[in-house]
Protein chains: 2
Amino acid sequence: MLTDEYRYKILKLVQEKPDISQRELAKALGISLGKTNFCLKALAQVGLLKVSNFRNSKNKLAYMYVLTPTGIEHKAAVTLNFLKLKLKEYEQLAGEIEELRSEINAKVND
Amino acid sequence: MLTDEYRYKILKLVQEKPDISQRELAKALGISLGKTNFCLKALAQVGLLKVSNFRNSKNKLAYMYVLTPTGIEHKAAVTLNFLKLKLKEYEQLAGEIEELRSEINAKVND
DNA sequence: AAACTGCGTTCACGCTTTGAACGCAGAGAG
DNA sequence: CTCTCTGCGTTCAAAGCGTGAACGCAGTTT
């Protein structure tokens with residue numbers, strides 16, 4: 001399943017290193033190869049990135065995952081979205097931490 | 001699967017309200033009844049809580065989930081652990097947010 | 001008595017993820 | 001040139017996990 005989290009992370013990693021392999025990507029994302037493959041295909045299917053074969057300096061067949069213009073746009077949007085989400089998480093965490101702290105302090109009076 | 005998160009949350013909710021039902025618990029935890037049942041059993045199996053039937057004021061059979069002494073101890077430990085974990089998450093989030101921010105700012109220069 | 005309510009329990013189902021295995025293509029060794 | 005080796009994307013059977021409808025039970029209400 002392709003969540004916003006992976007949408008963002010994959011677009012980011014691919015933009016940073018277009019010649020990344022699916023196995024590297026999987027490791028960087030902390031997910032399986034199969035899922036990585038699935039996500040990449042999904043992103044390609046909706047036109048956010050393109051898979052292009054090319055010959056590198058040694059005439060070796062290589063793969064590149066390039067963000068399409070739509071992909072770049074989408075990445076900006078999804079990044080902002082992700083930031084908002086993270087900020088919300090952050091605030092919630094701050095609250096939870098405070099709660100945990102007082103809980104631990106309360107324990108002193110048991 | 002019984003993660004530390006649910007271990008903590010269940011012990012907390014049960015301690016606060018021992019006569020809570022599995023359905024209430026499920027709703028509070030945001031998980032299904034089946035999973036809740038599974039987690040409770042797992043906690044009982046390792047001796048952190050006990051399920052006790054009793055007759056309430058109206059002679060109605062009722063259930064209570066009571067933390068064992070071990071459970072209370074464990075809860076303190078797991079709470080602390082959870083706090084540490086949350087703090088780590090918090091810091092990581094702060095980092096990610098910063099990263100996202102500069103990424104968005106960098107976009108201005110595209 | 002019969003219907004209803006709310007409890008814990010079960011488990012078939014569906015969805016997701018995993019990673020071993022595959023075919024392919026270039027690189028390197030003999 | 002041929003054989004082996006490596007690393008790529010791709011596949012898919014198997015495993016993992018959560019879900020919630022359905023069940024039996026017991027007390028309550030009609």
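## Fold of chain A

Following the sequence, chain A runs α-α-α-β-β-α, which amounts to four helices and two strands (DSSP runs, H or I of at least four residues for helices and E of at least two for strands, numbered from the N terminus). This is a predicted model, in which local features need pLDDT of at least 70, side-chain atom pairs count only at pLDDT 80 or more, and totals for chains, interfaces and linings use all residues. Residues are numbered from 1 along each chain as its sequence is written, chains are lettered from A and ligands numbered from 1 in the order in which they are written, and side-chain values use heavy atoms, with hydrogens and water left out.

Chain A has 110 residues, of which 31% count as buried (under 20% relative accessible area, 1.4 Å probe, protein chains only).

## Where H1 meets H3

Take a look at helix H1 (residues 4–16) and helix H3 (residues 33–45) of chain A: their axes come within 11 Å and cross at roughly 85° (axes are lines fitted to C-alpha atoms over the stretch in contact, with angles from 0 to 180 degrees between N-to-C directions). H1(A) and H3(A) are therefore roughly perpendicular (65 to 115 degrees).

On the H1(A) side, the contact (heavy atoms within 4.5 Å) involves A:Tyr6, A:Arg7, A:Ile10 and A:Leu11, and H3(A) brings A:Lys35, A:Cys39, A:Leu40 and A:Leu43.

Key:
Parallel < 35°, antiparallel > 145°, perpendicular 65-115°, else oblique. Buried < 20%, exposed > 50% of the residue type's maximum accessible area, 1.4 Å probe, protein only.
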